[in-house]
Structures are given as structure tokens and as C-alpha cells.
Amino acid sequence: MSSSTPELKQSQDKERLIKVSERRFERVVGVSFLLSFLATVGLGVVYWQGGQTQVEGALLFIALGGLGFGIVSWGKYLVPQGPYVQEREELQSPESEREAFVESLERGANQIQRRSFLVKMLGAAVGAFGIITLFPFIRSLGPQPKKMLYVTNWKKGSALVKADGTKVRATDLEVGGVLTVFPDGHPGGAISQTILIRPSFQDIVTKPGRETWGPQGYLAYSKVCTHAGCPVGLYQELTQQLLCPCHQSLFDVMTGANPVFGPAPRPLPQLPLYIDSQGYLRAQAGYDEPIGPGFWERGA
Amino acid sequence: MSYKPIDFLDERLGTAKFTRKSLNKIFPDHWSFMLGEIAMYSFFILLGTGVFLTLFFVPSSAPTVYHGSYAPLDGHVMSQAYASTLNLSFNVRAGLVMRQMHHWAANVFVAAIVVHLLRVFFTGAFRKPREINWLVGSLLLMLAILEGFLGYSLPDDLISGTGIRIAYSITLSVPVVGSYLASFLFGGQFPGDKIIPRFYTIHILLIPAIMAGLLGAHLAIMWHQKHTQYKGRGRTEKNVVGIAFWPAYAMQAGGFFFLTASVIAALGGLVQINPIWMYGPYIPYKVSYAVQPDWYMGWLDGALRLFPSWEIVGFGHMIPTIFFPAVLLPGITFGLLMAWPWIERRFTKDSQSHNLLENPRDNPWRTSIGVGVMAFYMVLFFASSTDVLANTFNLTLNFVLWAFRILVFVIPPIAAFVAYQLAKEARSVPLAGTPRKAMVIFRSPGGEYTTEESEPRSELVLKHSVFHGEEPLPLPEEARIHGQEVQTPVLEEERFVFSAPSAVAVVSEEIGERPSGGSGVYRIPRGAPGAGGGLFSPRGPRPASDGEDSEDEE
């Protein structure tokens, strides 16, 4: 070695290095493909045996990963990387091309516009087709809202029932108790869902004008949050507050479910209750305002 | 050489020219260009796993009594959508892994789009002539978020059902037409029995078809305009320097599909996501505590929590409070996003075309605005877990909410200011961004240390890529076609490509501007005590250019 010229030695060394390096990458790629193959066979076996989610995931990882790692390594270390250079072609067309394009466009447009009456007729026909076919299509998707957002299934005298349809008695709840109720005949309804709370045994007046609404300490509020419509499902007995778990609005039960915290803009509507002669809880009337989140037509 | 199929196609379609150009297309090579690829590959995986899911999913709200293999829900009444999702999770072979891969791929998809968008933003890749692709990409992001929400809603579990309820309220909140929109979309009052089948049609047909079209346009425009590139040796506004499509880029990009798929498969198989059987079927009057939507909806959820309870009432009408965070905010977000190339241009008055990318530090204003906006959405994202944070850190909800309401206005300007200063600082550092030579520390056999400015990254390059040349050259076929002189790279034994036989010795200056700074190389000559260690010391035989070392050997 010592007798060779520096250049020759350099070139030999480089070649040796490259050979070693190449062989190493060939091995890496080969092993990747082999692992992938084995994992794929394993995947087939696992699947055939009835499947197992975690094993499938792990084997898919090896099968796909081996393939990917092998191909990428091959493409990165065993084929020429350049760098190569390529000129960008001008994106913009020459001025003459653009002028010719505009001329062609105008020539055609002029040929059409000469018959201006026909152009108007065409416009009318296409416009009418669009309007007449599009609007009924949208319209047939659903009914007009009309009074939909103003009414629930609560009526004068509706008995309060649980989700299973059984009627609620005035003796059903202890103080601090809470129950989701529905109007008789509509258990489980998404719009009429109401939360019944009993903060005390005494009649409760939440606001002036609601003197008779809370007999024997029973209060009923719409369970649909006035913010985004989630069920106001959590009652904190200690603070006598209702919490909406979606966006954390808090409503104060004793003062008419006024929002005391969070993004809810309005109190939950209160359902006026009475206890009938057999001891069942009933609604004096339906809600006196639309329940749930706001909408355009709603005035206040 | 002539192949039959090539002649067949070329005689009929004239494909040879276009396909030749495509094979010889040059792609600049940089890791940040793979972000968009991750998004695209996730989309393919979503299509594949999604088709599988459609074979088993029943898009129906019709009630059914469950008698499947998941015992805790046996005998429960639930929608067919929920029951069939349970069924495909537990009773269809590989069903759960496919479902979880689908869900993970959706999360990765949106994440990759967002990071890709940030790369394009911070490097100024959206500037002329690429504004159209910026618009197409923004549309794809919007659709991806919507598509993700729709898919999340389909299983009809307790959490997704609550999400649909919120979506109904948001639709309702649109001024003037809201109640009509909601009634038409849901086929009447919430919940009705039409929303699951409708979401299904939109999720598996309508939006994927539009997205496939937009993705095609996105790629076609990119292909036609050619990729942007970072500044570097030999790179100008008028050329593209990189690897050839065939075979290097095709192999790297094609293989990368499998790598993306393998990670998603590992997540799908090993990391549980959306275990709907633990949530139970959707029952409108039930609700779960501490639930968060998928991550890409987090900013909207956070905005819903933070926005004050303001409701505008007057003239017999109402603009509900959620209109502002849930309709107006996304509208402004995507409006500004799409308008950004024109907004920026109004200030820069720059009407030039740009193919060279900017380093974020080269444009402190844009960088600081981007960082500020990012910070704003990050705060909103974290605000979507106010309840969890309050619980975890034993704080009152009141405190956490108000903290976020303040932070959402305080953090973004601070972040923007810091980003601006950092960018300016980085720019004013002499030689920032230019390659520095490594300092090499030598230890003599006697234990004496000397430092020397490095030579050569040659061996580092050799170690990493055998087939890496020096000067950018045109591909031989392209040069021939364009009547240029064909510069054949020096081929040695037809295996490796070097521009000059002395490549190894001259690499130091030529490797040129790499974005990274210099690094210290600690090298101990062979034969010295403790030899064989040290960073970058190759295990194999070393090139003779290692000066001192080879002296030792002789």
C-alpha cells in the first residue's frame, strides 16, 4: 500500500468504502422485506385463527413498516440521488397567445350574442329550471319549522312520567333527589325532557308570578340547555345548582334556573307543577316559552 | 429499445412525451415536503378502511335490541347504527383494527394537513404563483374537519349523539334561515330518524368525492407549477434541483406510503380510540361528563365555552349566543385563511413569482402573525378542557374559565412578539443559516489535544449516501431531448455517480448551504488510546482523505 500514489490509494479506499456501504444497505433492505414477508404470513395465520386486534395491529405495523422502510432505503441509498437540475418553464403564456385567446373568446361570444333574444330565452329557461328543480329538492328534505320550535309535548294536566313510562308520585323523591321526567305518553322525548328536583319539602317560589309552580318543594325545568342544547344533567345538591357538562353553564335552581356561570344566555324554562288528588305530579300547563337554544324568529 | 405496450399507448394517446417528462421530473428533497404526503396517504388509508366499514355499518336510527357478544349491553335498546358498530368491532374479523385505523387515520389526516399548511405559510410557499393551490388546500382542510365530524357522529353513541345535538343548535343559530336549515337538514325536529342516514351519505359519498376532486386538482397544479425549493447551492427561482421522479423519488414517496400506513396500523391495533361500547347508545336525555370531541374540533368547543353569554335581541328577532363562536368564528377563520395571500400582498406590494422558499426568520412580520394566530387557536383548544383542568388541578371552574378568557387575548400578542424578536435576532446573528465548518478535536497518542477546522464532510456524506454527486446536472435523456450537451456523471463500475474522481477530497466546500449549523466533530486518531469511539467515527474502513489518520497507519 505504501508504494501506491496518494490518488490511487484514495480511489481504492473510496471504492472499498462504497462497496461496504452498498452491501450494508442491501442487507438492510433485504432484512426489511424479509421481516415484512414474515409478518404478513403471521397476519394471515392470526386472521385465519379468528383474529386478535392488538396482534393484527403489531403485525400490520411490521408488514407495512418493513415494506416502507425497505423501499425508502432502497430509493434513498441504492439509486442515484443526483442532485439533478431542471429548468422551470415559464408559466405565463406569451403576450401574443393571450391576445389570440381573448380574440377567440370574443369571436365566439359575438357569434352567440348576435341573437340576443335567444340568449335571453336560454337564460330564462335555464334559470327557471334551476329554481324550480332546486327549491323543491331542498324543500322536500324536511318540513318548514313553523311552530316546531315553540311547542313541546307538555300540555295542561300532563302527568310526569319516568323514562320507563311510570307516573311520578309526590312521595317519590327525597330532599336533594333529582329525576328526569317526560309528559305522559312521550317517555324519552328529546325535546320535552325535563329535570325534576326536590330541594325541600316546602312549596318553593322561584320568581314572582310562579307562586304555585313548586308544590311541596318540587321544581321542574326543561333539561335542554339554553346554550347549545345539551342535557343539563348534573345537580349539585350542596349549592342547589344545575350544571351542563358540555360547556359548564351553571343554573341556580332556587331562583328559576338563572344562569349564574358559563356561556348559557337564558334561564331554563320552568314547568309549572301541581299535585293531583291521587298524589301524582302533573303540569299546570306547558312551557310558557320555547325551550333550548335560541333561534332567529324567537323574540326574547 | 422498444416495448409493445408503450408503442400501443403512444400511437393512440401520444403518451411517451408526457410520461417521459413525468419520469424525469425533478423533486426538491426536504423533509418538510413530506407533510403533505402524510395527509394524502392518510386520505388513501381512510378510503380503504372506510370502504371496509361500509360493508358492515348500518346507517339507521331504527331501534333494535342488542344481543351481540358484548355482554354488558346485552338486551339494551339501541339504534341499528350503534348496534352495527358494536358488531363490526366485536364480531367481524379485523373489524376493530379497521375501525380504529379509520379513526386514527382521520386524526392523522387533519393533523398532517394543518402542519403542512403551517409549513406552506411560514415558508411563504403560498405566494404567487401558488395562491390557487392555497385556496384548494384551505378548502380541503375545511372539508376534512367537516368530514371528520360527520364520521365521528355516525356510530350514534352517547358522546357523538350529544355532538349532533350541539350541531343542531349551531345550525339553528344562523340568523334568518337557521330554523329552516335545521329543519331541512334533520328532516324536522331533533333528533328525528333521518340524520344518521343523511350524515352517512354525506360522509361516504358527497364529501369524499369533492375531496378526491380537490386533491386531484391540488396535485395537478403542484405538478404543473413544479415544487418550490429551499435556497441552496445551485438553486434559483428559475430551476428545480433535487432527485429524479424515477426511480429515486417514486421509491421514496411510494415507500413512505407504507411507512405512514404502518404507523396508522400500529395506532389502530395497539392504541384504543373511541371505545363506543363504554359510552353506551345515544339517549337524548342522558349525557356523559368530561367529554371532548376529536382534537380538530377542540378550538370550536373551547370557543363555545369561553364566549360570554351575550345574546342579541331586538325587533322581534334574536341572534343566539352560539352563533358567534360556532358560526362567525369559523367563518372568519377560514375567510382570513383563504384571503391571506392577497392580504399579505397588499402590504408587501410584491407581484413577483416566487419559487424559492423563505426561512421563517427572513420574514419576521409574517412569522410573528402566524405564531400569534397559532397561539390563539392553541388557547381555544386547551379551553375545551376547562372542566378537566379544573378537576385535575383542583381549581374552581370559575377561575379556569376566566383565566382562559384572559389568556386568549394575552397569549397571542406575547407569542407574536417573542416570535418577532426571535426571528429578528436569528437574522442578525452573523452567518446564521450558513454552514459552518466543524471544529475537530484531535488527541495525539501522547494525550495532547489540538483543534483544527474541519475538513470535509465528505465521509459523512459518503456514509449516508453512496450515490450522492456534487454539481447538479440535468438528466441525460432530458439534456438529449433539449439538445444540450449530455454531461455524463462519472460512473465508476456503473454503480455510483460522482462528478469528479476527487469528490471525496473536495466535498467540504461543495456540500454547501445546509440549513443546519455546524457541529463539533470529536475524532480520535486510530491507534491512539481510546480510539474507536467518538461521534461520527465510522466503523468500517475509513477514507484515505482523513489526513492525519492515514499517517498513523503507515
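Select β1 of chain A and strand β4 of chain B, residues 239–244, in this predicted model. The two strands run antiparallel and are joined by four bridges. To locate one point of this pairing, display A:Gln86, whose bridge partner in β4(B) is B:Val240.

The three strands form an open sheet in the order β1(A)-β4(B)-β1(B), with antiparallel pairing.

Within α10 of chain B, select B:Phe245. Is this residue buried or exposed? B:Phe245 counts as buried, because it has 20 C-beta neighbours inside 10 Å, and 20 or more are required. Setting aside residues up to four places away in sequence, B:Phe245 touches B:Ser22, B:Leu23, B:Asn24, B:Lys25, B:Phe27 and B:Ala250. For a sense of distance, pick B:Thr49 as well: its C-alpha lies 28 Å from that of B:Phe245, and the two are 196 residues apart in sequence.

Follow α10(B), residues 245–270, and bring in helix α3 of chain B, residues 34–54. Their axes come within 9 Å and cross at roughly 65 degrees, and the crossing is right-handed. Which residues meet at this crossing? From α3(B), display B:Met34, B:Glu37, B:Ile38, B:Tyr41, B:Ser42 and B:Ile45; from α10(B), display B:Ala253, B:Phe256, B:Phe257, B:Thr260, B:Ala261 and B:Ile264. By class, this contact comprises nine nonpolar, two polar and one charged residues.

Finally, view both chains together. In the interface, 84 residues of chain A are in contact with 101 residues of chain B. On the side of chain A that touches chain B, select α1 (6–48), α2 (53–77), β1 (84–87) and β9 (258–261), each of which supplies at least two residues. Among the contributors, α2(A) gives the most, with 18 residues. Coloured by class, the residues of this side of chain A divide into 43 nonpolar, 28 polar and 13 charged.

Note on methods: Residues numbered from 1 in each chain as written. Chains lettered and ligands numbered in written order. Predicted model: local features only at pLDDT ≥ 70, side-chain atom pairs only at ≥ 80, totals over all residues. Axes fitted to C-alpha atoms, helices over the stretch in contact; angles between N-to-C directions. Left-handed = near helix turned anticlockwise from the far one by under 90°. Contact = placed C-beta atoms within 7 Å. Nonpolar A, V, L, I, M, F, W, Y, C, P; charged D, E, K, R; others polar. Pairing = 2+ DSSP bridges. Buried ≥ 20, exposed ≤ 12 C-beta atoms within 10 Å, placed from the backbone.
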